[in-house]
Amino acid sequence: MRIVLDARGVRAQSDGMSNYIRHLLVNLLKVDLTNEYIVLGNQLLKAHLAQASLLERTNLRLIISSIPFMGPAQYILIPWTVQRLPRVTLYHYPHFDMPYLAHPCSVVTIFDVNQMANGYFDSLRRLKRFYSYQTTRLSVTKAHHILTISHQTKHELLMRFPWLDAQKVSVVYFGLNEIFQHHYSQTHVAQFRQKFHLGTDRFILYVG
C-alpha cells in the first residue's frame with residue numbers, strides 16, 4: 001500500500017493533535033517495513049524523524065508542504081497535491097476538517113466534537129459552529145473509515161450524525177508517551193515522596 005499521511009499539523013506546541021500525528025508516524029515506521037508512506041509535513045516533523053533515525057527509511061518519502069493546515073486553501077491544494085503523486089492507496093487526515101476531495105479512500109481521525117458545542121468559541125460562535133458542523137459532516141461522510149480516540153467521542157459523533165454506520169467508526173486509544181516510560185531510581189522516588197509528604201502509600205495524580 002502507498003499511504004499518504006497528512007502530518008502538516010505537527011507544531012512546536014505540545015498539544016494533543018500534534019503529539020498524535022508525530023507519534024503515529026514514528027511508531028508506524030518502526031513496526032511497518034512493508035507499506036510505503038508519503039508524508040506531508042514540515043521542518044519540525046523532519047527534525048523529529050531525524051531524531052528517531054527514521055528519515056532515511058526506504059519506505060518513507062517526506063514532502064515539505066507550505067499549505068496551511070486547517071486553512072481553506074487545503075480544500076483545493078491538498079487534492080491537487082495527492083493527485084500528482086504516484087498511485088495512492090489511502091489518505092489519512094488527523095482532524096475534523098478533512099479535505100474531502102483528497103482521495104476516494106480516506107481515513108479521518110476525530111478527537112472530539114467540542115467544536116460543535118454551544119459556548120466553545122469566544123467570538124462568531126454561530127458562524128464557527130456552522131462551519132465546524134458542515135466540515136465535520138462532509139469529512140465523516142466522505143471518509144472510508146473514521147477513527148476516534150474514545151468510545152465517548154464515537155457515541156457523540158453518532159448522536160450528532162445518526163445516519164452514520166457505527167461499523168465505519170473505530171475507537172483507537174492513544175499510546176503511551178515516551179515521557180511516561182522513564183525509569184527512575186529508588187533514591188529519586190524516595191526523594192519525590194518525601195518532598196510531597198506521600199509516605200509509602202499508593203496515590204493517584206489527577207490533572208484536570
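1. A residue counts as buried when its relative accessible area is under 20%, and as exposed when that value is over 50%. Between these limits, it is partly exposed. This model is predicted. Of the 208 residues in the protein, 41% are buried.

2. Start with the overall layout. The protein has 6 helices and 7 strands. Read from the N terminus, the order is β-α-β-α-β-α-β-β-α-β-α-β-α. The C-alpha trace spans about 60 × 45 × 35 Å along its principal axes.

3. Next, look at contacts along the sequence. Take those between residues at least 6 apart. Of these contacts, 53% join residues at least 24 apart.

4. Helix H4 covers residues 125–142.

5. Now check how H4 sits in the protein. Ser132, Thr135, Thr136, Ser139 and Val140 are its buried residues. Down the helix axis they fall within an arc of 125°, so they line one face of H4. An α-helix has 3.6 residues a turn, so residues three or four places apart point the same way. What do the buried residues of H4 pack against? Their partners are helix H3 (74–83), strand E5 (106–110), strand E6 (145–148) and helix H5 (151–160). The face turned away from the buried side carries Arg126, Leu127 and Phe130, which are exposed.

6. The structure holds 2 salt bridges. One joins the side chains of Glu36 and Arg2, at 3.0 Å from N to O. Glu36 lies in strand E2 (residues 36–41) and Arg2 in strand E1 (residues 2–6), so this pair ties together parts that are 34 residues apart in sequence. Glu36 is partly exposed, with 28% relative accessibility. Arg2 is partly exposed too, at 22%.

7. The side chains of Asp6 and Arg8 also meet in a salt bridge, at 2.7 Å from N to O. Are these two residues buried or exposed? Asp6 and Arg8 are both buried.

8. Finally, turn to the surface. Phe192, Phe196, Phe203, Leu205 and Val207 form a nonpolar patch there. Together they have about 570 Å² of accessible area. Val207 belongs to the segment after helix H6 (186–195). Its relative accessible area is 73%, so Val207 counts as exposed.

Key
Residues numbered from 1 in each chain as written. Predicted model: local features only at pLDDT ≥ 70, side-chain atom pairs only at ≥ 80, totals over all residues. Heavy atoms only, no water. Patch = residues over 30% accessible without salt bridge, like charges linked within 9 Å, V, L, I, M, F, W, Y side chains within 5 Å. Areas by Shrake-Rupley, 256 points an atom, 1.4 Å probe, with all protein chains shown as cover. Salt bridge = Lys/Arg side-chain N within 4 Å of Asp/Glu carboxyl O. Helix = DSSP H or I, 4+ residues; strand = E, 2+ residues; numbered from the N terminus. Buried < 20%, exposed > 50% of the residue type's maximum accessible area, 1.4 Å probe, protein only. Expected span 1.5 Å × (residues − 1). Arc of directions from axis to C-beta. Contact = heavy atoms within 4.5 Å.
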